[in-house]
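Subject: Handover of a structure and findings

Dear colleague,

Please find the structure below, followed by an account of what was found in it.

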Amino acid sequence: MKLKNFALAVALLLAWFLGIPGQAWPFGPTKPVEVVVHTGPGGGSDLFARAISEMIGKEKLVPQRLQVVNKSGGGSAVAMAYLAEKKGDTHTLGFFTGVWVTNPLTSKEASVTVKDLTPIARLVLEPAVVAVKADSPYKSMKDFVEAAKKNPGQLRQSGGSVTGRDNLTRLVIEKATGAKWVFVSFPGGGERIANLLGGHVQMMVMEPQEAGEHIKAGNLRVIASLTESRLPSFSNVPTIKEQGIDVPVIPQARGLLAPPGVSGDVVKYWEGVIGRFAKTPAWKKYLNDNQFEDGFLTGGSLNKFFDDLGLQMRDVLKEAGVKIVR
Amino acid sequence: MDAINNLVLGFSIALSAANLFWCFVGVFLGTIVGVLPGLGPPATIALLLPLTFKMDPTTAMIMMAGIYYGAKYGGSTTSILLNVPGESASVVTCLDGYQLARQGRAGPALGIAAIASFVAGSFGVLGLMFMAPPVARFALRFGPPEYFALMVVGLAMVVFLTGRSMVKGVLATLVGLWLAGVGTDVFTAQSRFTFGHMELLDGIDFIVVSIGLFAIGEVLINLESRTGAQIFKVPRGLRNLLPTLKDLKDSRFAFVNGSVVGFFIGVLPGAGSTIASFLSYGLEKAFSRNPEMFGAGVIEGVAAPEGANNSETGGALVPLLTLGIPGSATTAILLAALHLWGFRPGPLLIQENPNLFWGLVASMYVGNVMLLVLNLPLVPVFAQILKVPYFVLYPAIFGISIIGAYSISNSLFDVWMLGIFGLLGYFMRKLDYPAAPLVLGMVLGKRLELALRQSLMMSQGRLSILVGRPLSAAMLLFAVVLLFMPMLGRVRAWRTRAIEQELL
């Protein structure tokens, strides 16, 4: 009799724990977590994701390993499609950049948008600076814009894809100032710098850490920073707004998101992990070393960020004459 | 002399026990990576990066560089023995290397590949040591119009790859150029010829095309033969398994050609070892006394491209170490690795970190010697692969090819593409269309179009920019000369015949 009562009590307790919604065990990963990036090994996102996975592992913020998985192709199309397939999967995350927002706008094959996925957190904002050769006559952004106005279509800027931040920045500056200059796309970062150093183009939008070494060697000069406030490592370089060119700063953001159909408490778990990670000294050091801006953002503000960014991209691309397909 | 002092410093670092060990690990891994089609140095180096965090940065760099140039040594093995290009830079080696294997000269082919790689690799290191800063500065003068001209020179080489029918060769090149256009246009972000397939947004992978055309095509053709596929003659005796003195003598121009061409192409960011190997092969044939033998199994046809793709690694390290500019996928990862280890790659790297630079340079000498010692004795061992009966060998080739194609992006789509190009290779061979021009068109097509459009953007639509600059004009002239060279041979033959007829 006693045993039967005891068994009944245990069964009731178990039923209570498992039955009542919200009383389920708190979520925690029980097998290695996949982190999907849209570049191949060695690409920007890949290295960033590996560095972060390594740091999170060192801080022991997650009981399981974070494993970077490369799903490159079509910009971010393949990676996003892969995440969309993993509906409801709680052990998969994706590393997004600005490309994840712009790619679906211009590419018909990229059928998955950021709205289809579950945003978790934005981690960094990558600032950019405008660089020219050290022996060029442009000492400030104003000089360059004036020269471009005098000789429309003669000056050249090297950069990446036409939907990338560097070209979009050029488009908004052109619209605000009436100047016009040419954008020459180079698929590889090395070639963009090489063409600037070789004098084949006059200007380039680059990341501060790329510029740093060439400035130290005296090859390049930074004439503006494309940020809201001056960069700590370039404290004597005025921002674009300070120089009288009132344009929105087009951000290059990086962060994490999850596949569609992931439940609220899983999202909260990952938000918590990233939130704690963003406060660690190792992360602060990484931000400092790479000259990134801490762009930590979650929840409703993050959704708003994506919406705003999408609208901004749509406007700028349409003005540029790039075909919008979605 | 300053360089000698630095070299002594470098060797004192490179010959330490730890660095020797990791150098060996690197070159060994590199050789394996090179042999396996589909897996390449970029992926390997990226995967091993976390391991290097605990290592001394110079040692880590030595190992990574070892993987880089080691892969170039290994790539020739499967190209020669099985017509399966292990690396995209080894595609050209398939042309003559595989034919040499069919003639029973696989050993000499493998041996010459190793020796040429050693000679050219050493030249690349010498170039890096003595010529790095001025060569880097010269390379900066190459803008889009110069790249365009260089690609035109490459395409002009097609006249040397066509075999008997020029028309078929040109047709194959045009198909290759078209295939190069599949993907996303950089300038307008529009997709071309993707037929709605997301996997084609980045274009067709070159290694899939080459493995399909060469390896699968070859297997299919042999399957069809009623007499049963030929079993390759494997010569006996060590003397027949290594290159003869005559081979070495025949290849002496190829050694120089491969070394110089590879190094300079390597210095140009974005040019790559595939282009270097094609150019070197074409030049070798252009200036050869017996050009009609190329494609049928000529030893220089192996020496030149194999040398070129090795000295290219030395060249690619020049912009990386002197300017902090990566020229290829592998050097981009090395650049990122240098960042991760706390270095600041840029114009001041050599002055601020002499230990890293000179230690690396010295270890590259050591690595090249290690690779020669590793590869030469293994030549007879590898040559025995040809003894494997065809009913085991062909499925193995299929298997390696499929795994190689799949491992590129972990996608079955690439395997389907492999099948399609395998069938194409079979039909091309049946109808006597040469495959090499198609591959050449693909490799050069992307760069050619990119350079042309970049140049036109720079000049606002005026074509004159292509001939207005001295460097590009000179190269375009050279291309025209190359195009007319086969004609010169014919004119000479007519003249000889005319003179003979007059004398009769």
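A crossing of two helices is called left-handed if the near helix is turned anticlockwise from the far one by less than a right angle, and right-handed if clockwise. Helices (H or I, at least four residues) and strands (E, at least two) are DSSP runs, numbered from the N terminus.

This is a predicted model, in which local features need pLDDT of at least 70 and side-chain atom pairs count only at pLDDT 80 or more, while totals for chains, interfaces and linings use all residues. Residues are numbered from 1 along each chain as its sequence is written, and chains are lettered from A and ligands numbered from 1 in the order in which they are written.

**A helix pair in chain B**

The crossing of α4(B) and α5(B) is right-handed. Helix α4 of chain B covers residues 57-82 and helix α5 of chain B residues 91-102; their axes come within 6 Å and cross at roughly 55°. Axes here are lines fitted to C-alpha atoms, for helices over the stretch in contact, and angles run from 0 to 180 degrees between N-to-C directions. α4(B) is therefore oblique to α5(B) (angles under 35 degrees count as roughly parallel, over 145 as roughly antiparallel, 65 to 115 as roughly perpendicular and the rest as oblique).

Among the residues of α4(B) that meet α5(B) are B:S76 and B:L81, and their counterparts in α5(B) include B:T93 and B:Y98. Contact means that the C-beta atoms of two residues, placed from the backbone, lie within 7 Å. By class, this contact has six nonpolar, four polar and no charged residues. Ala, Val, Leu, Ile, Met, Phe, Trp, Tyr, Cys and Pro count as nonpolar, Asp, Glu, Lys and Arg as charged, and the others, Gly among them, as polar.

**Where the chains meet**

In chain B, 44 residues are in contact with 41 residues of chain A. The elements giving two or more residues to the side of chain B that touches chain A are α3 (41-52), α14 (329-340) and α19 (436-458) of chain B. Of these, α3(B) gives the most, with six residues. That side of chain B has 26 nonpolar, 14 polar and four charged residues.

**Two sheets in chain A**

One open sheet of chain A has six strands in the order β2-β1-β3-β10-β4-β11, with mixed pairing. Two strands pair if DSSP finds at least two bridges between them. β2 (66-70) and β11 (293-298) of chain A stand at the edges with a single partner strand each, so one side of each has no neighbour in the sheet. The twist averages 20° from one strand to the next. Strand β4 (residues 118-126) of chain A runs antiparallel to β11(A), and four bridges join them; A:A121 has A:T298 in β11(A) as its bridge partner. Helix α3 (residues 77-85) of chain A packs on this sheet, touching β1 (33-37) and β3 (92-97) of chain A, and its direction makes about 150° with that of β1(A).

The other open sheet consists of five strands of chain A in the order β7-β6-β8-β5-β9, and its pairing is also mixed. Its edge strands are β7 (182-185) and β9 (220-225) of chain A, each of which pairs on one side only. Strand β6 (residues 156-159) of chain A pairs with β7(A) in the parallel sense over four bridges, and A:G159 stands opposite A:S185 in β7(A).

Yours sincerely
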